[in-house]
Amino acid sequence: MSTWESVPVDPGPCRWRLPDPRRAVGDLVGIGGDLAPATLLAAYRSGLFPMPEGRRRLGWWSPDPRGVIPIGGMHVSRSLRRSRGRFEVRFDADFRGVMAACADPRRPYGWIDAAFVEAYGELHRLGWAHSVEAFDSVGALAGGVYGVRIGRLFAAESMFHRATDAGKVALAALLDRLGDDGAELFDVQWVTPHLATLGAVAISRDEYLLRLAKAGP
């Protein structure tokens with residue numbers, strides 16, 4: 001069952017005092033803590049997100065500049081428009097499947113481990129984390145994207161594809177849905193060359209935090 005329209009469950013207060021990204025020098029602003037639902041939500045509300053730092057340490061990041069895709073500003077090429085007809089898009093149909101694909105250790109620079117899969121799986125169960133899936137003509141999961149939705153913020157975490165354009169199709173559907181729902185901020189962390197072709201732009205950390213406050217997560 002889709003949790004997209006459900007009211008999220010409040011996991012309670014965060015037990016940690018999170019670092020203030022406005023005082024940070026560099027993208028990495030803190031080390032330690034945990035991946036409990038309350039910690040994750042407090043982090044996203046503060047402009048932070050978790051990624052490992054080295055092999056054993058949990059890092060909290062707030063890039064400067066920060067990558068965002070403007071709502072309504074994704075670049076949809078002619079070939080991508082044609083590809084949209086090849087896939088069936090669903091919301092929250094296979095969150096674990098999307099996370100498992102994004103965590104595939106064969107992917108270059110893969111960092112999503114079992115602890116992250118479990119943590120975001122729990123966020124999904126509580127109604128905060130969501131996935132969008134693209135299924136091919138035989139019903140196989142061909143691509144998808146997942147992230148965290150708080151208020152008018154959607155923080156995208158990872159995207160994958162097993163068929164050409166499948167991940168992009170899921171991303172385009174997600175941005176369309178968010179536009180319809182009144183979302184204001186779509187976070188992609190860093191602007192990579194690939195994301196730049198899809199419309200991602202870099203803004204300063206201060207500008208991101210201002211937009212985050214306006215989005216009211």
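A: Happy to! The buried residues of α5 pack against α2 (78-83), β5 (88-91), β6 (129-135), β7 (141-150), β8 and β9, where contact means heavy atoms within 4.5 Å. Helices (H or I, at least four residues) and strands (E, at least two) are DSSP runs, numbered from the N terminus. This is a predicted model, in which local features need pLDDT of at least 70 and side-chain atom pairs count only at pLDDT 80 or more, while totals for chains, interfaces and linings use all residues. Residues are numbered from 1 along each chain as its sequence is written, and side-chain values use heavy atoms, leaving out hydrogens and water.

The buried set in α5 consists of A166, G167, V169, A170, L171, A172, A173, L174, L175 and L178; buried means under 20% relative accessible area, exposed over 50% and partly exposed in between, with a 1.4 Å probe and protein chains only.

The length of α5 also checks out: its 16 residues should span 22 Å at 1.5 Å a residue, and its end C-alpha atoms are 23 Å apart, which agrees. That expected span is 1.5 Å times one less than the number of residues. Just after α5, G182 takes a positive phi of about 85 degrees.

R66 has a relative accessible area of 1%. Leaving aside residues up to four places away in sequence, R66 touches G47, F49, D187, Q189, V201, A202, I203 and Y208.
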